[in-house]
Amino acid sequence: MMTGRFRVRCPGCGNVTDINTDIPCPKCGNTLAPMGAEIKLYRMGSPIGVAIGFGVYIDGQPCGHIGNKETVSYSVPFGTHNVRMTAGMSRKCVDMTLTLTPQAPVGYLKAHIKPGFISNTVVIEPAMPQDMPL
Ligand SMILES: [Zn+2]
């Protein structure tokens, strides 16, 4: 059973909302509810680009931003999901694909920024539950 606070993308209109219980989408009224599986995404602290919000894309769909040292729990359906992040103007990302099942419903990921000569790259890696600051 999922508890806590989740970020969900409305299946109707695509609006991204943080919920802790089933609520109607503030934009279209569709019911927003936890969807069974969960991706916990931790943005590791970094002195580079601290002020830049990382844009999060799950399965190619924009899913809001994540701040420095922030952890966000995304509620997603069971299945295989691609997670990608962008840092400011940079579209470079080492993205991650993970499969969530009823036997393994929670995916842990951590992300950090790797500085480059021309632009920075966001690197997303698998994480352990104890890596999470929560
Ligand atoms: Zn909606």
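Student: Strand β5 pairs with β8 in which sense, and over how many bridges?

Tutor: This is a predicted model, where local features need pLDDT of at least 70, side-chain atom pairs count only at pLDDT 80 or more, and totals for chains, interfaces and linings use all residues. Residues are numbered from 1 along each chain as its sequence is written, and side-chain values use heavy atoms, without hydrogens and water. Strands are DSSP runs (E, at least two residues), numbered from the N terminus, and two of them pair if DSSP finds at least two bridges between them. Strand β5 covers residues 37-43, and its pairing with β8 is antiparallel, over six bridges.

Student: Which residues coordinate the zinc ion?

Tutor: Donors are N, O and S atoms within 2.8 Å of the metal (3.2 Å for Na, K and Ca); water is not among the atoms, so sites may look incomplete. Here the donors follow the spacing C-x2-C-x11-C-x2-C along the chain. At 2.3 Å, the SG atoms belong to Cys10, Cys13, Cys25 and Cys28.

Student: How many helices and strands are in the protein chain?

Tutor: A helix would be a DSSP run of H or I with at least four residues. Along the sequence the pattern reads β-β-β-β-β-β-β-β-β-β-β-β-β. The count is zero helices and 13 strands.
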